[in-house]
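Hello,

Here is the structure I promised to pass on to you. Please have a look at it first, and then read my notes below.

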Amino acid sequence: MSSPTQITKSTTQVPIFAIIVLALIFVVGLFVVGYDQGHIFSVVLGESAYENLYIHELTHDMRHAAGFPCH
Amino acid sequence: MKTILFLAIVLVSGALAGTIHGVANLAIVEPYLDEAIGIENQNLFASGEEEDTPAFWVEYDAYRDWQKGGQVLAGAMLGTSMGALFGIVYALSRNVLPKGSDLKKSFTLAGVMWFTIYIIPFLKYPANPPTVGDAETVVLRAILYLVFIAISGFGVVGFYQLYKRLQSKSKILSIVGYAVFIGIVFVLMPANPDEVTAPMDLVNGFRAMSVVAVSVFWVSIAIIFGGLWHKLRPDTENSEIQN
């Protein structure tokens, strides 16, 4: 007579893939919110992105409030 | 580890805590930003770069509304980004965080990260409202701030390695070691080159509220992340064994 037994095992190993994904999100997110001065949109918009500064304006107040140097 | 669940917990808790941060800013930091930008406007009128006309204010209000709304979105993005870092460190250090519930663990880690990668860098390079800051030095200031955060963060990781290797009686040495190390870095790092030209009442009020709002973020992420982890347990695997 056999019956299935449920066991709960705690695993500590973190998949390296998950770490890489999170590290990328960290770097890109920090750059967009804290540092972009038109760099990202310049890929599609060209030089005008450095004058319009869409991302800078979008994140402007958060930059100040979170302590990033802004301008 | 249930990878997808783990990633979902990290991203959701970061985005939520970041949104809370953005809303907290709207409530307590914005009045100072408005006041500071008001000074900038007066300077523009005084120098003749802009004219104090109704058209100016219509454009200005629309622009400020966009910035204010934008910062809640920016909060969600920054929160997701910082949450990703938090998630990495949590997953790698969970076994050595204090025994007990995941809420206790996440509070401990959030406290360490808040102190070492926010408060200490803030004491050296405090946040400034608009009107303070020379555009010529923004790249230098951005680099200094980021470098100091990185040195402090990696310093913690380094001294944590020492902490693990020391006998329990001497573990305190690693904390003292970090304090001495970061104290030296604090003194050696160049100061912010800009003069603070705005009224000090405004700057100090802004800085205090800025610290409160960022602290709200760290408390929020500790609660949300720890709570979700506790409920959903991404670190467990259920398997059925036939006896």
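First, some ground rules. This is a predicted model, in which local features need pLDDT of at least 70 and side-chain atom pairs count only at pLDDT 80 or more, while totals for chains, interfaces and linings use all residues. Residues are numbered from 1 along each chain as its sequence is written, chains are lettered from A and ligands numbered from 1 in the order in which they are written, and side-chain values use heavy atoms, with hydrogens and water left out.

Let's start with chain B. It has seven helices and one strand (DSSP runs of H or I, at least four residues, for helices and of E, at least two, for strands, numbered from the N terminus). Along the sequence the order is α-α-α-α-α-α-α-β. Its C-alpha atoms fill a box of roughly 85 × 45 × 25 Å along the principal axes.

Now to where the two chains meet. Chain B brings 65 residues to the contact and chain A brings 41 residues, contact meaning heavy atoms within 4.5 Å. Together they bury about 4,400 Å², with 66% of it on carbon and sulfur atoms; buried area is the accessible area (1.4 Å probe) that two parts lose on being put together, summed over both.

One pair of helices is worth a look here. The axes of α4(A), residues 54-66, and α7(B) come within 8 Å and cross at roughly 95° (axes are lines fitted to C-alpha atoms, for helices over the stretch in contact, with angles from 0 to 180 degrees between N-to-C directions). The two helices are therefore roughly perpendicular, a term for angles of 65 to 115 degrees. His64(A), Ala65(A) and Ala66(A) touch Phe206(B), Ser210(B) and Val214(B) in this contact.

Finally, the charged pairs. The whole structure has eight salt bridges over all chains, each a side-chain nitrogen of Lys or Arg within 4 Å of a carboxyl oxygen of Asp or Glu. Between chain B and chain A the count is one: Asp61(A) pairs with Arg64(B), their closest N and O atoms 3.0 Å apart. Arg64(B) also forms a salt bridge with Asp34(B), at 3.0 Å from N to O. Asp34(B) sits in helix α2 of chain B and Arg64(B) in helix α3, so this pair ties together parts 30 residues apart in sequence.

Enjoy exploring it!

Best wishes

How values were computed: Parallel < 35°, antiparallel > 145°, perpendicular 65-115°, else oblique.
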